[in-house]
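Subject: Structure for you to look through

Dear colleague,

I am passing on the structure that we talked about, and below it you will find some notes on what turned up. Please keep the view open while you read, and take your time over each part.

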Amino acid sequence: MRALQLAMRMLGREWRSGELGILLLALTVAVAALTGVGFLANRISQAVDMQATEVLAADLRLESPSPLSDDYLAEARRQGLRTASVTTVLSVVFRDEVSQLSNIRAASDGYPLRGKVMVASEPFGIGQPVDGGPPAGEAWPDSRLVAALGAKLGDRLSIGAGSFRITRVLMARPDQGGTFADLAPSILINDADLAATQLLGPGSRARFAQLFAGGRDGVGAFKAWLESSRQRSERLLDVSDASPQIKNALDRAGSFLSLASLVAVLLCSIAVAMAARRYVQRHLDSVALLKTLGATRGLTLAVSLLQLLVVAIGAALLGSVIGFATHEWLLRALKELLQAQLPPADLAPVGLGFLAAIAVLGGFALPPLLQLSRVPAIRVLRRDVGPPPPLVWLAFGPAVIAVVLLIWWVTRDLKIFAGFVVGLAAFIALLSFAGVLLVRAASALRGTVGVSWRYGIANLSRRRGESVIQIVAFGLGIMVLLMLAVVRNDLLMDWRRSLPPDLPNVFFINIPPADRDPFVDFLQDSGARTSRVLPMIRARLTQLNGEAVDQIEFASPRGEDFAQREQNITWQDDLGDDNRVIAGRWWSVEDRGKALVSVSTEVQEALGLQIGDRLTFDVAGEPYEAAVASVRKVKWDSFQPNFFLVFAPGLLDDTVGTWMTSAFFERQEGRTIAELVRRFPSVSVFDLDELLTQVRSMIDKAVLAVQSVFLFTLLAGLVVLLAAVQATRDERRYESAMLRTLGASRATVTRGVLAEFAMLGLLSGLLAAAGASVAGWLLARFVLGIEYGFDPRVWLLGLVGGATLVAVAGWAATRSVLRQPPITTLRAG
Amino acid sequence: MNDTIDTATDTVLAAEELTRQVNSPEGSLTIVDHVSLRIREGESVAIVGASGAGKSTLLALLAGLDSPTSGRVILAGQDLTRLDEDGRARLRAERVGFVFQSFHLVPALTALENVMLPLELAGRRDAREGALQALERVGLRDRVGHYPRQLSGGEQQRVALARAFVTRPAVLFADEPTGNLDTVTGARVTQLLFDMNTSARTTIVLVTHDRELASRCERVLVMEGGRLA
């Protein structure tokens, strides 16, 4: 109690003296960086999540070939979720005498639960978002159907026993997906009209889907319930199943944002360690005096701890507020680009900020404070007496534990965690070693340089321990910033590579063999850039190594799904750029006509295939057996025609049904496509623009998050750098006064300070560039799974940037010290 | 309480065979060498000697700021060698005051707050009133809100004196109390010191090079090579 009273009374007094202010500033900046990154990452990742759910038109989607029980919907509503249902049935749509086989989609009110339906007033026009789907009695056919039927707005269409008026042209649905299961064009009607069409009956080819959306926790709980209640044949999809591109983007963004916040955590720790060191240095005399005047060790420790606790709480509060404000400001600045309704911030980062402040203080400030309490009272008579040297585990143990816990807390991923911890430990050891080397090498340089540099270098070598600590701190700070730049560049380049702006945006399937050449000619004449043209054959897997697939229990549901569904297969001479053989070998000219098949990794994993396994397919009633010759990793986001199953050329030549290709059209060329549909009526056209726009906007958002977090971390790094430089202010004040008393001009002293910090920054930068290159390569290669590109600019930036940054920061922080008249300092003692 | 030291009722501080050795690169160094002494209540004692004779170390041992290699110290009836660091601190809080050559005021605290500090450490509720009275006695009533850096050397040492006497200690230890002051200011501080010694019957043990100051003490102990001459 006495300690608390004394601590509070002393806190006020010490605050006036400004000593605790530096610690508060360092910790506040650190907490602000941490919570700012936390809020930002949290909200953008939620926004990306939310956007991803749009691809399902829901948070959760249950699909089945047979009608789904209404109990699911009832239970979902009972749990407070929003629901909708979509029934898809294949049938013929008539406009007078003209007919077209189409997918009729009947959507209930409330559809889509996530995302918007896009419509236009003419086929292949520019889509505008609308709320919900068509009201009862109306139908929204897609561009292909309108073109095929030669229809226009206001026309009446017959579907089964029902009659509908065309009020809009359907351009895109959120859940149209990226697969080509739907070969026929689509038409959207209201669920209330479905019964009147009398389409649902025995033998009808229908698919049923129920959609669910709600808060994160509610959806999680309902998903768990649904997992245990659903039938085996009913397929449950959530964000992670929505699209492989989105999942990749999410995973990458998640990994990167975690790393970015880790950097903030580490900078935080460095800043606090330096501020705590300074606090201890400044308090050695006070504590010795307190002890002389009768304070016990426990009391002095309690007073310091309570003061720090108050500072920690203050810093956590202040830092959280600043972090929140900063992220709000950043989001506002990015609003134009984000174009998304961001979910409200949740308060989790504040808790993280508080706990991190306590953990960092406990890890980095507690050991020096314990040391402080051990300073002997005799220091009041003999200034050279300090506290006894600390036990190694006590000095570094808490810091190591705090860092490890914080890294684990932020990453929650063993691979990233292990990589980061090992890299960090190795880097600190390397930097410490290099720091020692520098300090030794420095004395050799002293005789060869001018007075300013000699003074600067002498300072480095005189403060041997401090110099090494600062080199480690600066080196680490610069390294993480450089590493972010390295990884960020790689990520952006990887994404750009995966989604070039002239990506094919229209797919053509069902090209009859007779139309193949004229069709390709037409495309080329119209100026569209085309990709490869591949045959497309429908096939069903019947046997695996001679055993009927319906007798086989597949470990993964995807395997079962794959064995049940009819597949599109092709044959092809050359392996495209977007395919990579990872097992077995691609065929040569000699293999022509041989019964060989190449499978994609998805098929290989789903069916558990090995090279040499025999697959039997039913192709138009004929059995074909082929041996697995290779496994391919396919880059699906190349948007080139690609197939799970590719046969060797020559085997299936006689069975060719149709051909397919893809092409890039400018958006304005809707008329060309309409003309194409008229000239080649049997060719099915898939407009991928909407899907691509969706995917690209999501990836753009992820990139933006990465960039803004990077910017935030850069700022945090700079401020912490300044806080670190502040740690040596006291000594510098005294030295500057001494030098100027001895006749040195202020410019000479300033040059000396600049020389010292530039030297410090140069070596830190050199090591940081090396560290960042290695760590960046490890991260890119093993954690993010992207290609690493060596960038010499990292070295230039490390050296020049490091020297400049540290020199300028050092100069800025010591400027007021250098300005002070020597007499003020010397009189103060 | 103890067996060999004659602790007459008026003995407030006694040392027996007090020895302090330190390790140096040249081997073990004896700074205080088997020193025995006894100081009466209210007595003023000066310890003089050349630099490096061991005066300050002896003072630190007598005040319990340092622990002897061998021998013992009885301060206000308590054997310091039997107390741990915290025990010695508590004893200092109750019975001991200090004045230093370089004043050792806490720069973050005002004159008043510096004087309040020992009272607060002793858990006294009337710290403020006591401190104000003490400052009044040293003639600094109008300087209570000043920080050390705003005070002259003499004023700082008077604040230190007020702080040393504010708990009415049994023994006041002073290490070169006038060492940083000019002659006139030093004389004034010395006068204050002995006035308070008289009025509060506080025992004074001081280390000094100042012959004038030493001559005002009732007893002068001369140290040479760690021993009392």
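What share of the contacts in chain B with a separation of 6 or more comes from residues 24 or more positions apart? If contact is taken to mean heavy atoms within 4.5 Å, residues 24 or more positions apart account for 71% of those contacts in chain B.

Before going on, please note that this is a predicted model, in which local features need pLDDT of at least 70 and side-chain atom pairs count only at pLDDT 80 or more, while totals for chains, interfaces and linings use all residues. Residues are numbered from 1 along each chain as its sequence is written, chains are lettered from A and ligands numbered from 1 in the order in which they are written, and side-chain values use heavy atoms, with hydrogens and water left out.

Chain B holds 7 helices and 10 strands, where helices (H or I, at least four residues) and strands (E, at least two) are DSSP runs numbered from the N terminus. Of its 229 residues, 57% count as buried, that is, under 20% relative accessible area with a 1.4 Å probe and protein chains only.

In chain B, 4 strands form an open antiparallel sheet in the order E2-E1-E4-E5, and two strands are said to pair if DSSP finds at least two bridges between them. Strand E2 (27–40) and strand E5 (78–79) of chain B stand at the edges with a single partner strand each, so one side of each is left without a neighbour in the sheet. Strand E1 (residues 11–24) of chain B is joined to strand E4 (residues 70–75) of chain B by 5 bridges, and B:Ala14 stands opposite B:Ile74 in E4(B).

In chain A, strand E23 (residues 658–664) is mostly covered, with 7 of its 7 residues buried. A:Thr658, A:Met660, A:Ser662 and A:Phe664 point one way from E23(A), whereas A:Trp659, A:Thr661 and A:Ala663 point the other way. Strand E13 (residues 506–511) of chain A runs antiparallel to E23(A) and is joined to it by 4 bridges, with A:Ala663 as the bridge partner of A:Val506. Strand E15 (residues 534–544) of chain A also pairs with E23(A) in the antiparallel sense, over 3 bridges, and there A:Leu534 has A:Met660 as its bridge partner.

As for confidence, chain A averages a pLDDT of 78, on the predictor's scale from 0 to 100 for each residue.

Best wishes

Notes: Buried means under 20% relative accessible area, exposed over 50%, partly exposed in between (1.4 Å probe, protein chains only).
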